[in-house]
Amino acid sequence: MSEEPPVTSSWLTPDPTAWASGGGGPMDNSTSLGVFPPEDPLPPSELPLLVNPWDIVLCSSGTLIACENALVVLVIWQNPALRAPMFLLIGSLALADLLAGLGLVLHFTCAYLLRSDSAQLLTVGLVVASFSASVFSLLAITIDRYLSLYYALTYNSERTAAFTYTMLVLLWGLSLCLGLLPVTGVNCLAEEATCSVVRPLTKNNIAVLSVSFLLLFGLMLQLYVQICKIVMRHAHQIALQHHFLAATPHYVTTRKGVSTLAIILGTFAACWMPFTVYSLIADYTYPPLYTYATLVPATYNSVINPVIYAFRNQEIQKALWLVCCGCVPASVAHRARTPSDV
């Protein structure tokens, strides 16, 4: 009698040498849902449905991401006052994270119910495109914040709006191209040896994504350094004009603003950097645990994004209160904007 087949991942390439006890020979790599012994084969419809706990975690994360960001998209979509370039970029980020969450849920569903390579390619393409759009949107928000400080007097001009729309078209167009790569044939389904740590992406494909992320992170770091310099310079000028001391509230709020920038960049790096580095040095032969241990935190960035970029914004807070209870608390309505809101 054959033993119960071990659980494998819906995201990873199965180990070609792995067997449950009994039987031998190479495993069929056409599925990543389990390793079944060759004795007494069952038709696909009667095979036991084995669910990897890590895939449940990813699916749960995707559900939370989708619900959280759907609220942000709904608020921005329904409120005509939230049409400034900043809110368009926050909406782009929320939409990208919403699609990423849906992609994780759909991938889980297709992997364990449809068990189709075509469906897997589509869902992985959606996840790649969505997370790429999310990272590009973060870069666009960083550029927007830098320009809003550097060109403070002329920021709210038609030229700024046109530049924002151009950024949105470029970031979504590039993200769509990256997501279409696995669907259009750049995948490892035909040759498992070319697989990366995430099936069906090839090692070259994920290397391009990882290097692109490192370049984007470097650019964001440079922009945030410039933002900090501008904020500190403005704070120093105001302090001189009003004869403020270092311990005054304005100095405290300015330091808080710089700390907020550090938290934004640190959170982004903490979520994505482990998976980025790991995917560059590892391949499909590495233990699945390592892949999941770095991939799951990367998805958490899409959980944190609404908290950092949307729910902390005063205008979005007002819109959320109106949607939820039909009123705006006085503490929210009259809160002054501080450097910590950058």
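Helix α8 covers residues 314-325, which makes 12 residues. The model is predicted.

The N-terminal end of α8 is capped by Asn313. A side-chain oxygen of Asn313 sits 3.0 Å from the backbone nitrogen of Glu315. Within the helix, Gln314, Ile316, Gln317, Ala319 and Leu320 are buried. An α-helix has 3.6 residues a turn, so residues three or four places apart point the same way. With that in mind, look at the positions of Ile316, Ala319 and Leu320, three of the buried residues in α8.

Now step back to the whole chain. The protein has 9 helices and 0 strands. Read along the sequence, the pattern is α-α-α-α-α-α-α-α-α. Of the 342 residues, 45% are buried. The accessible surface comes to about 16,900 Å². Carbon and sulfur atoms account for 69% of that surface.

Ser210 gives a local view. This serine is found in helix α5, residues 203-242. Is Ser210 buried or exposed? Its relative accessible area is 4%, under the 20% cut-off, so Ser210 counts as buried. Leaving aside residues up to four places away in sequence, Ser210 touches Thr276, Ser279 and Leu280.

Methods. Residues are numbered from 1 along each chain as its sequence is written. This is a predicted model: local features need pLDDT of at least 70, side-chain atom pairs count only at pLDDT 80 or more; totals for chains, interfaces and linings use all residues. Side-chain values use heavy atoms; hydrogens and water are left out. Helices (H or I, at least four residues) and strands (E, at least two) are DSSP runs, numbered from the N terminus. Buried means under 20% relative accessible area, exposed over 50%, partly exposed in between (1.4 Å probe, protein chains only). Accessible areas come from the Shrake-Rupley method with a 1.4 Å probe; for residues, only the protein chains shown count as cover. Contact means heavy atoms within 4.5 Å. The expected span of a helix is 1.5 Å times one less than its number of residues. A polar contact is a pair of N or O atoms within 3.5 Å; within protein, one must be able to donate a hydrogen and the other to accept it, and residues adjacent in sequence count only if both atoms are side-chain atoms.
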